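Reader: Could you walk me through this model, one kind of feature at a time? I would like to learn how to read each of them.

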Amino acid sequence: MAAVVAAAAAAAARARILQVSSKVNCTWYPASSFSSVSSVKLFIDGKFVESKSDRWIDIHNPATNEVIGRVPQATKAEMDAAIASCKRAFPAWAETSVLSRQQVLLRYQQLIKDNLKEIARLITLEQGKTLADAEGDVFRGLQVVEHACSVTSLMLGETMPSITKDMDLYSYRLPLGVCAGIAPFNFPAMIPLWMFPMAMVCGNTFLMKPSERVPGATMLLAKLLQDSGAPDGTLNIIHGQHDAVNFICDHPDIKAISFVGSNQAGEYIFERGSRHGKRVQANMGAKNHGVVMPDANKENTLNQLVGAAFGAAGQRCMALSTAILVGEAKKWLPELVERAKKLRVNAGDQPGADLGPLITPQAKERVCNLIDSGTKEGASILLDGRKIKVKGYENGNFVGPTIISDVKPNMTCYKEEIFGPVLVVLETETLDEAIKIVNGNPYGNGTAIFTTNGAAARKYSHLVDVGQVGVNVPIPVPLPMFSFTGSRSSFRGDTNFYGKQVPMS
């Protein structure tokens, strides 16, 4: 009987959480229509607060370019209030037992699971990716929350008794204080969930700045964290652009910053934040290569290339945007084009969509210009997605799958991170030549080799200067018990995201 009562209580609690989530969501976007534009709020000291700012940014649905909301550029007073809240909450939260902090995260991961589809719906609405991709976005963030629940092992210190006759030596981890995160538009749930759960479970408080283009998922995640029992002030959320970034870099009460985004922004944040004595970790741009050996499993490799190059419309730092076909593998190119042609481009919430729109008209224009640069510099466009029109969504920011061949390392379309559904293809005669190309590129986020030869796989993984290497794995993002690394121009900092490093402690 007790078990039945407990189950009923749990079901009632889930229903309450879902109702609360829907209610909060409706304050951002009207449930019945998008005819009236709602304002995204700040989250300060456990309350959703209407900003007093006189500067606002429109939020657009990338599939239609309709305005669906607006987000404030927080005032200096509002940002100061958010930091003050973090600072007030820190002493008590840091002294809260690690088991109690773990319990908050255990409840949180369950609430994320219960509300996964609602979070994904918000992502698709604001960011444009397909619902399947959006659910994957949430799920990969959820995995990091689950990893944070293993904090009791991650936080273990070290000891050496009797280091001298009358002395023992101990080391243990202490929280830093107030930490901050600056997230990009392309993973509205996953990237914030890389940041604040790990920091908070270690006893830090956190100031989050989501991308001003896609704030909805982070706001719902904040509500779910509050419902999980996180004390007021342990997580605060501000919105904005350059002023908010500079505020985070400069404020003396912020001890550490996590950033994911472009190289231009990342280098700036790393330099400015470090200059003020902060610990900074910045994951930045990429040009990820897939080296295809002629002995690879052709069927599997072509499928992997298509999914990794064009999934999420290419808007991910781990997209496999460059293929190097070695030797006879160059003959597979026509089949690769035919498979890419079959991908369905549509609004992300439409059934059967394989890829959705780009985030803004400006992003579409940039991608199209980079495709155009290929033809001007001597490359060949085998599949051109620039002119694609999606019925019913003619105003959307759509670019279809695009494949550019005969690419050389000195071409603009190779040197730039395109961040769209574009695969550039180079050809070499040997694996050594391919390794030379990869290592000559300034980025070092991820790479993959497709082969059935163990010696080739070992040689590549040992000689290539890239942080994350996949063997017949096109997007080698590590599970959260390992750190997300990256090297060279793809990363700045001395501690990586998640893994055993638990960088915010």
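Author: Gladly, and please keep in mind that this is a predicted model. Let's begin with sheets: two strands count as paired if DSSP finds at least two bridges between them. Here, an open sheet of three strands has the order 1-5-4, and its pairing is mixed.

Reader: Which strands stand at the edges of that sheet?

Author: Strand 1 (38–39) and strand 4 (56–60) do. Each has a single partner strand, so one side of each is left without a neighbour in the sheet.

Reader: How do strand 1 and strand 5 run, and how many bridges join them?

Author: They run parallel, and two bridges join strand 1 to strand 5 (residues 67–72).

Reader: Now a helix, please. Which residues of helix 15 are buried?

Author: A residue is called buried when its relative accessible area is under 20%, and exposed when it is over 50%. In helix 15 (residues 431–440), the buried ones are Leu431, Ala434, Ile435, Ile437 and Val438. Looking down the axis of helix 15, you find these buried residues within an arc of 160 degrees, so they line one face of the helix. Lys436 and Gly440, on the other side of helix 15, are exposed.

Reader: What does the UniProt record place at residues 48–496?

Author: The unreviewed UniProt entry gives the feature "domain: Aldehyde dehydrogenase" there. In the model, residues 48–496 are 40% helix and 20% strand, with the end C-alpha atoms 31 Å apart.

Reader: And pockets? How much space lies in the largest pocket, and which residues are closest to its centre?

Author: The general idea is that rolling a probe the size of a water molecule over the atoms shows where empty space is left. In this model, the largest pocket holds about 1,400 Å³ of space. It is lined by 47 residues, and Phe185, Glu212, Arg213, Ser262 and Ala265 are the closest to its centre. By type, the lining of the largest pocket has 22 nonpolar, 17 polar and eight charged residues. Among the elements that each supply at least two lining residues are strand 4, from the sheet above, and helix 10 (263–275).

Reader: What lines the second largest pocket?

Author: That pocket, with a volume of about 370 Å³, is lined by 16 residues, and Arg140, Phe187, Met190, Arg316 and Ile475 lie nearest its centre. Helix 5 gives the largest share of this lining, four residues. The lining of the second largest pocket divides into ten nonpolar, one polar and five charged residues.

Key: Residues are numbered from 1 along each chain as its sequence is written. This is a predicted model: local features need pLDDT of at least 70, side-chain atom pairs count only at pLDDT 80 or more; totals for chains, interfaces and linings use all residues. Side-chain values use heavy atoms; hydrogens and water are left out. Buried means under 20% relative accessible area, exposed over 50%, partly exposed in between (1.4 Å probe, protein chains only). The arc is that of the directions from the helix axis to the C-beta atoms. UniProt positions are given in the numbering used here, feature names are shortened, and annotations may be inferred rather than shown by experiment. On a 1 Å grid over the protein atoms alone, a cavity is a set of points where a 1.4 Å probe fits but cannot get out, and a pocket is an open set with protein on both sides within 12 Å along at least five of seven lines; lining residues have an atom within 4 Å of a point. Grid points are joined across faces, edges and corners, and a volume is the space filled by probe spheres set on the points. Ala, Val, Leu, Ile, Met, Phe, Trp, Tyr, Cys and Pro count as nonpolar, Asp, Glu, Lys and Arg as charged, and the others, Gly among them, as polar.
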